[in-house]
Amino acid sequence: MNRTHQTLNRQSVTRRSFLSGSLAVGAAAAVAACASGSGSASPGGKMTLQYWNLFSGGDGTRMVELVNGFNKSQKDIQVKATTLTWGTPYYTKLTTSTIAGQAPDVAIMHLSRMASFAPTGIITEIDGGLMSKYGLAAGQFSPKPWQMAHSNGQLMAIPLDTHPMVMYYNKTLAQKAGLLGPDGLLKPITGADALVSAFKSTMSAGAKWGVAIDTEDVNPWRLWTALYAQLGGGAIVSPDGKQVLLDDSTGVEAASFMRELSLVAKVTGPATDYPAAVALFGNQKAGFFLNGEWEVTTYQTDGIPFDVTLFPQVYGNPATWSDSHSFVIPHQRSASPDRLDAVMQFISYVQKNAITWAKGGHIPAYTPVVQNPAYQALLPQAHYHAEADHVVYDPQVWYSGAASTLETDAGAAFQSVFSGHLTPAQGYAQFKTALQQLTAQKPPQI
Amino acid sequence: MSRQARIDLHGYAFVLPFLIVYGLFTLWPIIAGLRMSFSNVSLLGGSSPFVGFQNYSQALHDPAFWAALWHSVEFTIITTPPLVVLGLALALLANRALPGRSLFRMAIFAPFVLPVTVVTLVWGWLYEPSFGLINGYLAQLHLPTFGWLTDTRTAMPAVAITTIWWTLGFNFLLYLAGLQAIPREYYEASAVDGANAWDQLWHVTIPLLKRTTVIVLILQVLASLKVFGQIYAMTGGGPDFSTRSEVEYVYEQGFTAYHLGYAAAMSYLFFIVLLAVSAFQFRLFARRR
Amino acid sequence: MRPSAVIAFLVLFLVSLLWVVPLAWAVDTSLKPEGQTTSIPPSWTSPRWTIDAYLQVLSNGDLPRWFFNSAVTSAVITVGTVVFASLAGYALSRIPFRGRAMVFWLIMAGIMIPVEALVVPLFYEVNSLNLVNTYGGIILPQLASPIAVFIFKQYFDGIPREYEEAAILDGASRFRVYWRIWMPLSMPAVATVAILAFIASWNNFLWPLIVITGSNMMTIPVGLASVQSSYGIQYAQIMASTILAALPMLVVFAFFQRQIVQGVTGGVK
């Protein structure tokens, strides 16, 4: 009996010290449990702003440059940028963090999402007076993004750029295929057949694929939108989003061209994801690349001989898909004028230095930069910034926009057209059905 | 205080810490969720009007709900047999008093301790259609290559293979422990009776492993039906929603589309399915015994 | 060796080799310069090896912070689970209080409840308590484990009463009996519960994904899935971060292999 007690006592001592150690950890964690992740003041009196974006392509480097530049340019504000995965994870996090009172101080939002975010109270109205304090005025932004940045007459975002879908081409391969003009630039290619044979000719010149296309996620939607617009398709839903205005034969024809590329003429892979498409062009295994312009920096860093031109005119009307990035200020439980002021200071810096952002491929929305000769001379940007005149955005309705249900559903349907899992008619029908269901739904309540 | 009252006090004092956390974070959500499922509450807050069984009926008429349920079932069907059979097979091999057995055990079980994101990133890289190792080897052997995670025919099998790599070690361990618990006398007795190795396997080993198999099956089936992480991280439910599991659809509806009430209703329907499966399994195995 | 043993050895050897390939390939990729990672056909060799990817990940990313978050939350969950469940299991096994059977069935019913079915109302509730994106929000919902209670109760049931009766005759309080006698005797059960709780909480994905909104509060699984490099798709860095993320658990596994194996198999028994 006593022996048992003795043995147990020795074990108890170790048990006790273990438990007190873990209680200490627990206590520390309990204290930490009250700590949260939102922006705070760091020692030294500096204000730290939390800034969320989704720039993980070649343009990401440029944003990092801008943030670092801002942080170095003054000593009172430190901006901490976080890059989250593009797509629904980003917007879901933005929403849940705002409802939980843990929103970042400033975030990027695609202007195509204005209709889904503005009525929800997640983003707040921008103070025009604060804007002018830091030298930003209404007339200084490109008209289309500026209009899209408003909802119900209120300014809810400050546009940053327009980023259309363009066409990259490999100069060496194009040269070998005889596609370059005397000025060393791509000769204009018009019409579906001419385009396909141009792609094919680079394959004869040694490329694995004539054109690299990301056939996954939402990219097929973008392509389809561009083609549909080029065919003269017009708006696909009514302005209130409740009626489908699709023209079936046009829709199927646009989808058929996608199938033509991947399965008939076989100038692009039937199932290529985004990283592979980027790398295919980067490794000079593709003659062309149909994508947004945001990978310009990637290829400049890779050092390959490339240029960028307008999205090809496959059909009658010149048109391409585009979207715009903008800065938004999420709703905070307790708004702080000092922080808002700092945020505006940061936004103003980025706008004024948008030429750095332009180097990432984007077309700045801030016109003083666009009109600057330094920007006009930037290559390859100069070869496509005229694109901004012919762009088609996603319908401005609540279920549409970057990484929205509309884009996801459309992307899924048209991905299957690329892969051959669905015929163009089937893919289009699946998309149309999904769209009809969306028009019948009620927008999320506030 | 009476003796019984003092005992009661002690008893409740001991269970109280657990009951508090359990009540707050397991029981209360069950009730609150039920209430949510009868309303149209949105993630964005605001009013939550009572709508009765509307969410439930909407779910039952929602083809995406049934498709997602089917995908969870499909996933369970294609992962459970390999996980059980291979687990047993490897355990049988490892049981033959081999040198290096603990190294083999370590190699096969190690993936189990990894978080799902590590597993999916590593395998996503292996499956990469242009630069991945798998297509690289297939191409070198002049075999057809696939867009593993981007082709509707291969996406679910690809996720299944990843899951098998990740979790086989668990079943392997359980079977190994079960095998080592079988007394040698059974084998010796059956050998005396003229049984060969094959007979021993079927008539001694497998019957005696029944308890282990039951546990493995029950755990396996339930865990597979609840699959979320691998699918979310590897395919996001694609391509063309062909891998979207029930849990993932619930997550999407609740947190991406903000329909919390609808997501809650679907969670309860799914819960009923899980209960039914568990009950069925218990009856099946209890009867056998 | 008998021929069948040789074949068994060879098969196991090959299978183990196959099992190691994915992680080995990840390591191989992580040590290459970025341009080499996308060579066609893929190759195990590289003209140059470098640890650049690791240096980049460690200096630019939030990985060390995520590791800290995972460590803190898992440690608290593990200790909390063991303490709460063992207290409850002890009472259910050893204290004949009124209503005990009902409490027992109430807790056992919880084993059937999948967390996945609760995340929606759970988020709503955690948000009302202002615990979103906090350690509390991550930890509290993971503390109550009915299975752990079951394991402890089963184990306590199997320990002879004599140990306890003598101590009670000596005038020891119930808590003292629990603490000084039962817990030391239950080390196998404690080990099982602690290991299962640690692995489950470290690798938990769905709930942390929902409740954590800021990148500096993320645990490793959520961080890896949510945060992207700002520098484009860089496979060497992605693989480097997965290896770094895998290391803690692999190290724990290497050192505690026997206990983990016993814990997993013992707990299920």
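**A helix pair in chain B**

Guide: In this predicted model, helix α7 (residues 155-180) of chain B packs against helix α10 (residues 210-225) of chain B at an angle of about 165°, their axes lying 10 Å apart; helices are DSSP runs of H or I with at least four residues, numbered from the N terminus, and axes are lines fitted to C-alpha atoms over the stretch in contact, with angles running from 0 to 180 degrees between N-to-C directions. α7(B) is therefore roughly antiparallel to α10(B), a label given to angles over 145 degrees. The crossing of α7(B) past α10(B) is right-handed, in that the near helix is turned clockwise from the far one by less than a right angle. F170(B), N171(B), L174(B), Y175(B) and G178(B) of α7(B) meet T212(B), T213(B), V216(B), L219(B) and Q220(B) of α10(B), where contact means heavy atoms within 4.5 Å. These residues divide into 5 nonpolar, 5 polar and no charged, with Ala, Val, Leu, Ile, Met, Phe, Trp, Tyr, Cys and Pro counted as nonpolar, Asp, Glu, Lys and Arg as charged, and the others, Gly among them, as polar.

Turning to the partner chain, the contact takes 94 residues from chain C and 86 residues from chain B.

Residues are numbered from 1 along each chain as its sequence is written, and chains are lettered from A and ligands numbered from 1 in the order in which they are written. Local features need pLDDT of at least 70 and side-chain atom pairs pLDDT 80 or more, while totals for chains, interfaces and linings use all residues, and side-chain values use heavy atoms, leaving out hydrogens and water.

Definitions and conventions. Helices (H or I, at least four residues) and strands (E, at least two) are DSSP runs, numbered from the N terminus. Angles under 35 degrees count as roughly parallel, over 145 as roughly antiparallel, 65 to 115 as roughly perpendicular and the rest as oblique.
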